[in-house]
Amino acid sequence: MRLHMIGVNGPFPASSAATSGYLVESGEALLQLDFGSGVLGRLTALCPPEDLSALLISHWHFDHTADLLPLIYRLQALGRTLPLYAPADESSALRRIAEEAGCFEMHTVSPGDHFSVGKTAVRVGEARHPVSGVGYLLSAGGTSLGYTGDTNTLPSLPAFFRGVDLLLADGLFPESDWAEGKPHLSAALAAALARDAGAGQLILTHLNPFYPPETLLREARAVFSPVSLAEARGGDFPVTARLRGWLLPPAALCFALGVLLGRIAASPWTGALALLPAAGAVFLLRGKKRFCAVLSLFLALGCLRGYQAYHPSLPEPGSFVVSGIVSEEIQARSNGQFRTALANVTLDGRALPGGRAYWSFYADELPAGLTPGIQVSFQGRVYHPSGASNPGGYDFREELLRRGIRAGIYGSADLNVSPPAFFSPAGRIAALRHALRLRLLAALGEETGEYASAMLLGTRSFLPREDRLAFSRLGVAHLLSVSGFHTGVLMALLGLLFRWLRLPRKLRLFLFSAVLFLYAALCGWSQPVLRASLLVLLAEAGRILNRPRLLTHLLSAAFLILLFFSPVQLTGLSFLLSFGAVAGLALVTPFLSALLSPSGALSRRLWRGLSAGLGAQIGILLPQLSAFQELPLLGLLANLPMMALGSWLIGLYWAVLLTLPFPALSSLCCRAAGICTAGFLAAVRSVGALPGITLWTKAAGPLTGLGVVLLTAGLCGLLRLRGRSRLLLSGAGVLLTVLSLLPGSHLATEYIQFSVGSADAAVLWDQNRLYVLDAGYEDGVLSSFLRRGRLTPDAVILTHLHSDHVYGLQAMMEDRIPIPLIYLPDGAEAADIHPSAMELLEKLKAGGTEIRTLAAGDTLDLPSGNIRVLWPEKGRTRPGQDANQSSLVLRLDLKGSVLLQTGDLDGRYEMYAAAPADVLKVAHHGSLSSSSPAFLAAVHPSAALLTCDDAQRHLQFQDRLGDIPLFSTALHGMLTVRFEENAFTVETYLTPSETDFVSESNEQS
């Protein structure tokens, strides 16, 4: 595509010049934009006017159409006609003359129209002028040219010209002469339009000979670069696709893909060897081939960095004398466990690789003097954190890596607490954060203080779980911990202060950088703070350097920088939600905002707010469905008022913190903060408790991802799509997303044993029937599985009421998974059990759950067989005895194969329940007090399943089994037994190629 600028003046020509007229060569097509005074003669010097493919008129003012009159004479003399596209204007005498001359094929256009001239696509946009006018956007061969015609400001213009390679814009006025009622843009406003649209370059046109061109150029370049003035040179001006300008977004995606490849790579050489040819290709190739080579380079670099991040060097596990500085708040769990992190760690006097470790220990109470920032030394056991052992489960290892922690340390023997012997930045910051938290608690009270601490310092873990769930159900959980939103509020407050002080931009950038650095450090280098800070600083730097600041490019730059330094963030939910929300704002919000143009200022703000909320919601839709399996139906409506209230609360909390040295001022701020917090929480708790405010769905899968991509494409303002295409893409995206989230039918027969440490949790899923067999701890593993499949159990069978088999019901209740029926062993409630188990049962009963008991001889029918109870015998359980002695033993007869589920049955009674079986679920996690040789001989299984958290336990029990294959959750993760007719298979989640088992009858078949 080539542009010839024939006439560039308006509303009248300079000496020996012409008013508006521009010839565009696009392949074999010749398109003439406007035809003002003096254009005909200059055009004739370039090409015969009758050879034009089309005339595109922006409006019917004479400085854009005057030479159509002599053109009529020429066309009449030659007997030729030309296609002419122009807006309707009943007041124009010249349009009536053109219609009656018979020399033009008249086509009336209006904003939103689109047509083609040869291989050039033409879109018609709005213009704001005293008469009916339009702008044009021409696209061909991957390049684009935009022409504003004559216009003043319009909200829809940036979206219409989004990403244009060359923008030819009306910039008639200097700033001193422009006013809202003028019919044209100023040079600075034309530059702002190019900046907001992310244009490749800007040419100012419609130049009034009375205004000094250097003034227009100077004012435009203060806003945008590159910019130049239109010159009627009639020469060759190529319009080239800005490959470099649009390199960042695909480069960021390629780097992310490389990181994921590095995550699963077996060696760092995968990425390292690919770097060399990719780097060579960048230097040797040109044009689009070089563009592709650069993307290959980013892919290889991402693979290398991904491998380094996900496969760090680790210390040898074992027992060591540990020394370190407490660098995080110390969290206490209900089971007596304490958790925190250590910095500057040494093991037997040698520095730990990475310097940081996760520390956990059990104690009746927090040891005296143990606070953040203090130095500790003790005897502890170093271990390597484990990854996810259940599909879609919590990956403890990667979560620690995202916090910069490679190893875990357990224990606190011979604990010694002392002031730090050396300066530790992490320790000093942790001590300061802890002190500020205590000051906030003292000033605001416990409840308000904890919320202030969470929203300013990131100490969310101290907030009540019920409140966190209520915020999550409303879709505003991000308000409870330091995120990009909180950082944005801080920056807005600082921005108001800096503007009030009239500080220059460079000084503002320096101060922003300093404050954000200190705040990120205070929050423990929180990734959300770093992400938001980087975006703010890139935007500010863009303003100072006078570069385009399209949000997609800022987002891509921040994405690349953060991933380069910490690739492991890519698989973190916080990272995906943050960048997803901003991506939605960049891609979807501009299109939605341009759909309506309300007349009132308040209506415009509300519509923009709704558009921003919907855009952000679409951006986080996929990670939200993957992680939570629910859609907050009130999220879009709740976000606007909640964000507004949250902004006020954060501002009040900052006021409290800054006025703490001034008691009188602080007291006023504290009272206001307390009242606002109480009202805010009351609203969230009452609305969050309403039924039906969230929609429970299946976990997102590949089809969901495709549906969200199609929906985003249909609403993407960067894509120049026709209305029908947008509707088709958006409709297909919504339909595919909805269909992919509906629960499907299940035809198989499976027994699934979850990996829940030294606890028990399993499900029997036989076609359309689903039974839970024990629920494990309150870690949510079982509940997560049910939520991800949108599954409601027909019943829960508890083998006995010990905490490691029961407490997972609490997570099911919190996740609002219905529990219609619970089966207990006969006499279970009279056994020796913890009172909390009975409290949990009472809670369930109050919620409508039916409780029944089972005893030997009872049978439950299944589609593929039955469950028969072998133990305990009815009425034989003594009150107060150990619950293990009356643990249910179930014989699962499924498609001709038998699985014996033994719970935690004690060895004294196991022979009463001994029965031949193909698969044995080992009793009591393989303890020495059960599974005697006589019992194993009586059962004579073909395979055994062991639930434990210790690989040594697996080895010990394998010795007892002999040649019988043993599958343990400690080594193999989740275990799945699939039953076919007279055959079964055992599949493992970890290392499946080495551990899968197929029964002999299945092999023979």
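Me: Where does Leu741 lie, and what makes it count as buried or exposed?
Reply: In this predicted model, Leu741 lies in helix H26, which covers residues 723-741. Its relative accessible area is 9%, and because buried means under 20%, Leu741 is called buried.

Me: Which residues is Leu741 in contact with, leaving aside its neighbours within four places in sequence?
Reply: Leu741 is in contact with Leu625, Thr697, Lys698, Ala699, Ala700 and Thr704, where contact means heavy atoms within 4.5 Å. A separate value concerns Pro249, 492 residues apart from Leu741 along the chain, with 29 Å between the two C-alpha atoms.

Me: Why is His805 called buried, and where is its place?
Reply: The relative accessible area of His805 is 0%, and since the label applies under 20%, His805 is buried. The place of His805 is in helix H28, residues 803-806.

Me: What joins the side chains of His805 and Asp774, and how do you know that the term applies?
Reply: A polar contact of 2.7 Å joins these two side chains, and a second one, of 2.9 Å, joins the side chains of His805 and Asp904. The term requires a pair of N or O atoms within 3.5 Å, of which one must be able to donate a hydrogen and the other to accept it. Not counting residues up to four places away in sequence, His805 touches several residues, including Asp774, Asp904 and His925.

Me: What is noted about phi of Asp774, and why is Asp774 called buried?
Reply: Phi of Asp774 is near 70 degrees, a positive value in a residue other than glycine. Asp774 is found in strand S26, residues 769-775, and because its relative accessible area of 0% falls under the 20% limit, it is buried.

Me: What makes His925 buried, and what is its phi?
Reply: His925 has a relative accessible area of 8%, which is under 20%, so His925 is buried. Its phi is positive, about 60 degrees, although His925 is not a glycine, and it lies in the loop between strand S34 (919-921) and helix H31 (933-939).

Me: How many aromatic pairs does a search of the whole structure find, and why is the pair of Phe564 and Phe565 called edge-to-face?
Reply: The search finds 25 aromatic pairs. The rings of Phe564 and Phe565 have their centres 5.4 Å apart and their planes at 90 degrees; because centres must lie within 6.5 Å and planes over 60 degrees apart count as edge-to-face, the pair takes that name. Elsewhere, ring pairs link Phe338, Trp359, Phe361 and Phe378 into a cluster.

Me: Why do Phe564 and Phe565 carry the accessibility labels they do?
Reply: Phe564 has 34% relative accessibility and counts as partly exposed, because the label covers values between the 20% and 50% limits. Phe565 has a relative accessible area of 64%, and as exposed means over 50%, Phe565 is exposed.

How values were computed
Residues numbered from 1 in each chain as written. Predicted model: local features only at pLDDT ≥ 70, side-chain atom pairs only at ≥ 80, totals over all residues. Heavy atoms only, no water. Helix = DSSP H or I, 4+ residues; strand = E, 2+ residues; numbered from the N terminus. Buried < 20%, exposed > 50% of the residue type's maximum accessible area, 1.4 Å probe, protein only. Phe/Tyr/Trp six-rings, centres within 6.5 Å; stacked < 30°, edge-to-face > 60°.
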